[in-house]
Amino acid sequence: MTRSPIHALARELHTNLKHGSRGKEVAGLLAEYAARERDWREFAHFKGECYARNLVSASELFELLVICWQPGQVSPIHDHQGQNCWMAVLDGQIRERLYHLPPQQKGPLVAGHARVLEAGSVAYIHDDIALHDIGSLDRPGITLHLYSRPIRECRTFDAETGAETLRGLVYHSVEGVLQA
Ligand SMILES: [Fe+2]
């Protein structure tokens, strides 16, 4: 059976994660895919009101999503529930800004490093590194996200007060099919 490149990637990621693959190998697979393949376009659905999370493939070890950002759409500041998150930029430019919890975990967040990632770049984040928000600039952006393990909800934060909210995560489409 012929598999599309993105499904071959998902299978390879599953095998790597199952064998306790190191982050460098996972990032390498994502970078190679981002540089060579275009079949992610089948999963690239946008939404008007906010960025769109499109599920490509999932297992008990990971979920692989194509996230579509209209110009200027930005995520809330969020954590990753102790999981690993890799992000490859497939198209456009993506801005990432890091934040840290303040001493005593109370009050405004402490802003950290910000950067712009170009198509082909792969970034990694974990709660031990920082919280972050990400978004597109003045053009649409498309990113490929690998969470291991899957994340069903996350905490979002108000930068000025540090107030947090637990938020359930939903999919705009699943395996190419738009959700109601
Ligand atoms: Fe994130």
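Entry 1: I began with Arg 95, which forms a salt bridge with Asp 133, and I noted 3.2 Å between the closest N and O atoms. This is a predicted model, so I read every value here as computed. Next I looked up where the two partners sit. Arg 95 belongs to strand S5 (residues 94-100) and Asp 133 to strand S8 (residues 131-136), so the pair ties together parts that are 38 residues apart in sequence. I also checked accessibility: both Arg 95 and Asp 133 are buried.

Entry 2: Arg 115 has a relative accessible area of 32%, so I wrote it down as partly exposed.

**Entry 3: the wider search.** How many salt bridges does a search of the whole structure find? I noted seven. One of them joins Glu 63 and Arg 152, with 3.6 Å between the closest N and O atoms. Glu 63 lies in strand S2, while Arg 152 is in the loop between S9 and strand S10 (153-157), so the pair ties together parts that are 89 residues apart in sequence. Glu 63 is at 0% relative accessibility and counts as buried, whereas Arg 152 is exposed, at 53% relative accessible area.

**Entry 4: the nonpolar cores.** I then turned to the nonpolar side chains. The largest nonpolar core has 25 residues, and those with the most contacts inside it are Ile 6, Leu 30, Leu 64, Val 66 and Leu 144. Which elements supply at least two residues each? I listed helix H1 (5-18), helix H2 (23-36), strand S2 (63-69), strand S4 (84-91) and strand S9 (141-148).

Not counting residues up to four places away in sequence, Leu 30 touches Leu 9, Leu 13, Trp 86, Ala 88, Val 122, Leu 144 and Leu 146. I also came across a second, separate core, which has 18 residues, including Tyr 51, Leu 55, Cys 85 and Tyr 147.

Conventions
Residues numbered from 1 in each chain as written. Predicted model: local features only at pLDDT ≥ 70, side-chain atom pairs only at ≥ 80, totals over all residues. Heavy atoms only, no water. Core = buried A, V, L, I, M, F, W, Y, C linked by side-chain atoms within 4.5 Å. Buried < 20%, exposed > 50% of the residue type's maximum accessible area, 1.4 Å probe, protein only. Helix = DSSP H or I, 4+ residues; strand = E, 2+ residues; numbered from the N terminus. Contact = heavy atoms within 4.5 Å. Salt bridge = Lys/Arg side-chain N within 4 Å of Asp/Glu carboxyl O.
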